Amino acid sequence: MLDELEWQTRRDRINKKLEALKPAWNIIKYNVKLDTTTLDCCAVEEYPTANGPADYALFVKGKLLGIIEAKRVKVGPYNVLEQAKRYSKGAFGGPGKWGGYRVPFLYATNGEVIWYLDIRNEKNISRQISNFHTADALEEFLENDRANGLEWLANNPVDIESIRPYQKDAIYAIEDAIMKGKRAMLVAMATGTGKTFLTVSQIYRLLESKAARRILFLVDRRALAAQAVREFSTFVTPHKNKFDQEYEVYSQRFRREDIDDDKPFDPNVLPNSYLTSPQVSHTFVYVSTIQRMTINLFGWENAFPQDRSDPDYEDDAGKIDIPIHAFDVIIADECHRGYTAKETAIWRQVLDHFDAIKIGLTATPALHTLSLFKEVVYRYTTEEAILAGWLVDYEAVKIKSNVRMNGVFLNQGEHVGVIDTTTGVETYDQLEDEREFPTGEIEVKITAPESNRKIIKEIAKYACKHEEETGRFPKILIFAVNDLPHTSHADQIVRICREEFGKGDDFVQKITGSPTVDRPLQKIREFRNRPKPRIVVTVDMLSTGVDIPSLEFIVFMRPVKSRILWVQMLGRGTRKCDTINKEKFTIFDCFDGTLIEYFRNTTDFEVQLPEKEPISIHQVIENIYQNIDRDYFVKVLVKRLHRIDRTMSGDAREKFARYILDGDIGKFAGELPEKIKNDFTNTMNLLRDKDLQDLLVNYERAKRAFLVGYEVGDDVSSEVMIRIGSDYQIPEDYLDSFARFIRENTEHIEAIRILLERPKEWKTEALADLRKKLSRNNFPEKELQKAHKLVHNKALADIISMVKHAAKEEEPIYTAQERVNRAMERITTGKSFNEEQMKWLGLIREHLIENLTIGMEDFEYVPVFERHGGKGKANKVFNNELESLIAEINYAIAA
């Protein structure tokens with residue numbers, strides 16, 4: 001293959017790709033008698049231009065719309081686009097003129113890799129595509145200039161009923177990225193903050209503006225596709241119509257069990273012709289599962305493994321020919337769920353097939369999602385949503401267990417049960433020698449029933465207290481270690497809960513992917529919608545994609561190592577539930593709080609372990625007044641006020657109205673940080689009012705609602721769902737990922753390139769950009785320092801060292817102080833400085849330890865320099881050579 005000549009590449013690779021399209025390009029040789037005005041869907045070889053012959057000239061309905069520059073397969077085609085540009089400028093005819101270019105659509109290829117550029121807008125950037133465009137696509141591109149659509153987006157503010165402020169911000173961020181020419185982006189929003197509504201709103205604006213006409217909404221489960229279609233059907237447009245009254249909404253076929261309730265639901269199935277033969281006149285949304293689209297594109301053999309017992313089995317799907325321009329925009333929901341390399345590869349294949357703008361939605365950005373969607377353009381965290389009152393607050397309880405923390409030690413002579421893991425038969429034995437089982441082997445190689453029972457008894461104390469305080473027993477979700485045949489930890493927990501709570505079998509249920517669980521989907525619906533079960537034991541099945549708003553206790557009896565899985569598990573509890581006046585949920589960490597500590601700085605959950613006695617609201621207010629960690633206690637007070645707003649009665653609201661406008665505690669909570677900042681005295685006088693503080697503690701709670709639904713029916717069914725794979729990252733793997741990120745992005749992130757290749761250009765802007773880019777890509781400086789401490793036993797490694805070491809392993813790792821000392825020694829060695837200059841160098845040194853770079857502007861605005869005379873004084877001290885000294889210092893720091 002490496003010896004393949006260009007004519008062979010054209011014959012065996014490029015021609016075959018062009019001829020395989022539908023409709024196929026007709027490949028013909030140029031001759032002087034050729035009348036190009038009659039050509040349609042023709043690729044003319046060796047077409048003459050003033051700058052030499054083009055390898056292929058693409059004619060559609062007599063118009064020269066495209067040029068292909070071909071190279072043999074061993075040549076990288078990226079820079080070859082420059083030749084195609086030359087031929088475009090030298091063309092003797094064309095459909096228009098764009099800054100000297102006559103032909104708008106340019107390609108460069110080696111028969112395997114294809115690069116494409118639309119030269120009509122000078123800001124357009126070339127991009128790699130998976131195949132050539134069809135003649136129909138080029139005709140559509142020529143007629144459809146997106147500039148008007150983008151202008152509409154820029155000039156029309158979001159005007160959508162019931163949209164939340166952060167959803168509006170997300171839409172503006174997405175549209176700003178699109179207007180800047182970005183074609184891949186990620187939106188990270190906390191679980192429960194309305195990603196689907198955001199998506200429908202965004203899609204509506206893209207269609208309304210005509211910036212896009214055909215949009216694909218990809219989800220990973222058919223039930224989620226059904227939910228999305230229903231969201232479109234209920235969405236109210238600015239014209240007061242339903243979405244599907246203005247634009248076509250299509251989906252795949254659904255089963256009865258995919259639908260979550262009995263409300264009328266009549267989705268439209270997408271005709272295959274909309275996929276295989278896209279038309280300019282088509283304006284629609286298609287909601288599809290990733291599995292179905294994979295089968296459509298690549299066939300069953302290249303899709304996710306499935307059998308007919310899988311609830312998402314796509315029995316009516318098959319491979320069809322879908323051109324790369326079938327969609328203008330693709331939005332992928334919950335794209336974090338590509339856990340394994342194979343699953344991620346399938347997502348990538350599907351997304352890469354289409355030449356479209358790609359938008360990913362996730363609650364938990366990970367490396368594999370960032371690799372698909374490049375960068376996070378908008379982020380809305382759990383903590384932000386709680387402070388704003390969109391999600392409920394949470395508290396943590398740590399349960400200490402010696403068995404969970406230290407493992408099990410068996411002495412010689414102890415009696416044990418021995419389980420035959422094939423049959424489940426138990427025999428009894430007396431140990432002839434001592435044995436030790438570390439914590440990782442608990443519930444894998446050995447179980448300690450008394451430990452499990454004592455943990456459940458401890459949880460029961462909190463559940464009973466909750467029932468006394470609220471009048472309802474909390475819905476509890478317990479994550480067990482496993483559900484293996486004959487040694488199931490989940491089964492043991494179910495048995496213990498039934499015995500300890502004594503409220504019957506239906507009160508406690510197991511919901512896992514095990515064949516021993518009858519109708520798991522129905523059980524999930526019962527857990528969500530009915531009084532029983534109140535306690536559910538699971539392993540993975542309810543960790544993601546299942547909404548149980550009334551859930552109030554989440555118990556971790558299994559260790560968790562995946563950041564993504566941890567956040568998804570916690571996300572089960574954050575949703576508001578007005579029907580029960582839910583004010584918070586509680587996390588039980590059965591590993592002495594170590595799970596919470598492990599994930600404290602790696603997620604957007606700011607979980608704080610409580611003191612033995614929660615601090616009173618009076619003390620919270622007093623701490624704010626006395627300026628004791630004011631920012632933190634303002635957040636605490638905002639959260640508590642939101643809890644009160646969710647649980648108070650109408651009479652309580654009237655009493656609060658004596659102090660707060662309309663008694664609107666929720667609105668007051670949202671405005672409180674600004675009130676404290678801008679009107680501290682009056683706000684604190686109000687908050688410190690003893691009668692108001694008494695009301696904040698003893699307000700009347702809303703009564704529990706009670707309805708009797710005499711004619712409410714139910715029609716449910718279920719199929720087994722199996723969850724496959726998880727993501728685990730230990731510190732070593734995290735640093736490996738970081739090293740891979742640095743190596744792969746040296747050419748894309750200028751700050752990295754400066755550090756590694758051009759250290760003389762190191763300056764404040766480069767450092768700021770580096771920190772920003774690393775943080776956006778899940779490599780914040782603090783987390784990198786933590787990993788370096790654990791792996792390399794180097795505390796407080798500086799960011800320059802971490803980047804250099806990632807790029808080249810032999811590079812030493814310094815702290816900021818060590819790096820600065822080394823740089824300053826290099827600056828001063830062999831030179832003489834007077835006493836005043838040394839004094840200034842000492843000030844510069846202290847500044848560098850904190851900042852790792854220095855600029856001329858720092859001498860004007862940094863207080864320590866300003867106090868000593870600022871830039872003018874410093875420049876004079878160094879004989880008007882301050883600027884060159886700064887450049888030398890920055891170089892020494894970065895070198």
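Contact here means heavy atoms within 4.5 Å, and the points below concern a predicted model.

1. Packing of helix α3. Helix α3, which spans residues 135–143, has as its buried residues Ala-135, Ala-137, Leu-138, Glu-140 and Phe-141. These buried residues of α3 pack against β3 and β4, and also against β5 (105–109), β6 (114–118) and β9 (214–219). A colleague inspecting this helix may wish to note that the list of buried residues includes the acidic Glu-140.

2. Cis peptide bonds. One joins Lys-22 and Pro-23, with omega at about 0°, and Pro-23 sits in the loop that runs between α1 (6–20) and β1 (26–29). Another joins Lys-532 and Pro-533, with omega at about 5°, and here Pro-533 belongs to the loop between α17 (520–529) and β23 (535–538).

3. Positive phi at Lys-61. Most residues other than glycine have a negative phi. Lys-61, however, has a phi near 50°, a positive value, and this residue lies in the loop linking β3 (54–60) to β4 (63–70). Is Lys-61 buried or exposed? Its relative accessibility is 54%, so Lys-61 counts as exposed, the cut-off being over 50%.

4. Positive phi at Asp-662. Asp-662 is another residue other than glycine with a positive phi, in this case near 60°, and it is placed in the loop between α22 (650–656) and α23 (665–678). Because its relative accessibility is 59%, Asp-662 also counts as exposed.

5. A negative surface patch. Which residues form the negative surface patch? The patch is made up of Asp-429, Glu-432, Asp-433, Glu-434 and Glu-436. One of these, Glu-432, is located in the loop between β19 (426–430) and β20 (435–437), and with a relative accessibility of 72% Glu-432 counts as exposed.

6. Surroundings of His-486. His-486 is found in the loop between β21 (475–479) and α16 (489–501), and since its relative accessible area is 43%, His-486 is classed as partly exposed. Which residues does His-486 touch, when those up to four places away in sequence are not counted? They are Ile-419, Asp-420, Thr-421, Thr-422, Thr-423 and Gly-424. The C-alpha atom of His-486 is also separated by 8.4 Å from that of Val-425, although these two residues are 61 residues apart along the chain.

Terms used
Residues numbered from 1 in each chain as written. Predicted model: local features only at pLDDT ≥ 70, side-chain atom pairs only at ≥ 80, totals over all residues. Heavy atoms only, no water. Helix = DSSP H or I, 4+ residues; strand = E, 2+ residues; numbered from the N terminus. Buried < 20%, exposed > 50% of the residue type's maximum accessible area, 1.4 Å probe, protein only. Patch = residues over 30% accessible without salt bridge, like charges linked within 9 Å, V, L, I, M, F, W, Y side chains within 5 Å. Areas by Shrake-Rupley, 256 points an atom, 1.4 Å probe, with all protein chains shown as cover. Salt bridge = Lys/Arg side-chain N within 4 Å of Asp/Glu carboxyl O. Lys, Arg positive; Asp, Glu negative; His and termini not counted. Charge placed at Lys NZ, Arg CZ, Asp CG, Glu CD.
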